[in-house]
Amino acid sequence: MKGTRRLNRFGSKSFGKLHKDINKAVDSVMSTTGEVSTQVYAEHLLNLIEGLDDNGLNKFLNNLLTKYDIDTKILLKNAKTYSSEKTQKNYQEIRNSSEPRWIELFRRLNSTSNGTYKLVQLRERIRSLNNDELKIFDYGLLNLFKYWFNPSFLVLEKIDWETPANILEKIIEYEAVHEINSWDDLRARLAPEDRQCFAFFHPLIPNDPLIFVEVALCVGIPKSIQKIIKIDREEIDIEEANTAIFYSISNCHNGLLGISFGNFLIKKVAKNLKRELPELNQFLTLSPLPGFMKWMEEYAPITFERCSEKNCSDDELMKKAIKFLTESDRKDGMPNDPVGRFHVGNGASLERINLNADLSEKGLLQSYGVMANYLYDLNVVEENHETFFKNKIVPVSNEIQTLKTVSYTHLTLPTKRIV
């Protein structure tokens, strides 16, 4: 067909050429004013971006910085005007000029049918480039995502054995804590009534979970992950369960790192379960300690060597685990353990430490099999959250406090090893 006018998926005609040159395609998106034409140009540009290799993506982003970044001269002029006359018009001028124009480009790209998902993928690619000069795009997209993925927009759905296969395949793919090795393995986690799974979805990405949590309904607190994820086990009547164990929580997209889905997910699931099963009176995690062995190597090398040879006593291992989880060797004063930072930051308290709780190869390598229970007391979780961020003190159970006192009476750990 001659000319540049063509039918598009909206059933109307586009108003210009779809450029193969990606920089001209950007100009088309930014210069158009019609809603339909904007979406046509934006979808075309997203397809071009997807086709770029890493070198091409670097060039594309650098061009955006050159042509569509903040004009500092205009910003300074508007700031001077606003400082002398604080009117609504001057406020709007300084607000507009203080935002990079490429932010508006991302907003327009987001308006397309699959734009949100593709921008999440774009941020993931930008992060993988490890280019300090381009980190501004990572930061800019993160700020946009915090609005677009606000928890109030998210949909909580239960994942079970009847969930469509394309979503179940993603659960297998995204599981980040305890690997799902087969469909039988997945069935054992989803089919029984005393094993449940919940996920957050975004309305614009309905077939791809953002984050999901796996829950075991139990009588009492299990001390081993093997008992929870065992394929052949005796199912319990959920009406008899008094404890919900959150044993695995997995973020599904690296492009959404920095957005706090997990705290809202756990609290919402706990409240829903309590409403459905009033006999549930305990909500805890069974959490890995992914950095424990590396910490032992650095801060307790003698014990670490014995641990690696499987000659570390249970008493000594417990003392080290308590110190690792309740104290900080970080400049910001936050807990050493990333999983602990997450749960304590959400308002949970350290309830119990379990030895020989994860005897898988991964569990032994990262924590010598040690796992921790964090308690979510729905009555005080918000208060705990506020208190922790004020004093940076990890709240612990009476059991942990007693063990901690005994540990400090009988044990002095060496300071950081000097090589």
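These questions and answers set values from a predicted model against the definitions behind them. Residues are numbered from 1 along each chain as its sequence is written. Local features need pLDDT of at least 70, side-chain atom pairs count only at pLDDT 80 or more, totals for chains, interfaces and linings use all residues, and side-chain values use heavy atoms, with hydrogens and water left out.

Q: Why is Cys197 called buried?
A: Buried means under 20% relative accessible area, exposed over 50%, and partly exposed in between (1.4 Å probe, protein chains only). Cys197 has a relative accessible area of 0%, so the residue is buried.

Q: What makes Cys218 buried?
A: Its relative accessible area is 9%, so Cys218 counts as buried.

Q: How do you know that Cys218 is too far from Cys197 for a bond?
A: A disulfide is a pair of cysteine sulfur atoms within 2.5 Å. The closest cysteine sulfur to that of Cys218 is in Cys197, 15 Å away, and therefore too far. A search of the whole structure finds zero disulfides. Cys197 is in none either, its nearest cysteine sulfur, that of Cys252, being 9.2 Å away.

Q: What makes a set of residues a nonpolar core?
A: The members are buried Ala, Val, Leu, Ile, Met, Phe, Trp, Tyr and Cys residues joined through side-chain atoms within 4.5 Å. The largest such core has 86 residues, of which Leu45, Phe60 and Phe149 touch the most other members. A second, separate core has 13 residues, including Ile171, Leu190, Phe212 and Cys252.

Q: Which residues of helix H16 are buried?
A: In H16 (residues 338-345), they are Val339, Gly340, His343, Val344 and Gly345. A helix here is a DSSP run (H or I, at least four residues), numbered from the N terminus.

Technical notes:
Helix = DSSP H or I, 4+ residues; strand = E, 2+ residues; numbered from the N terminus.
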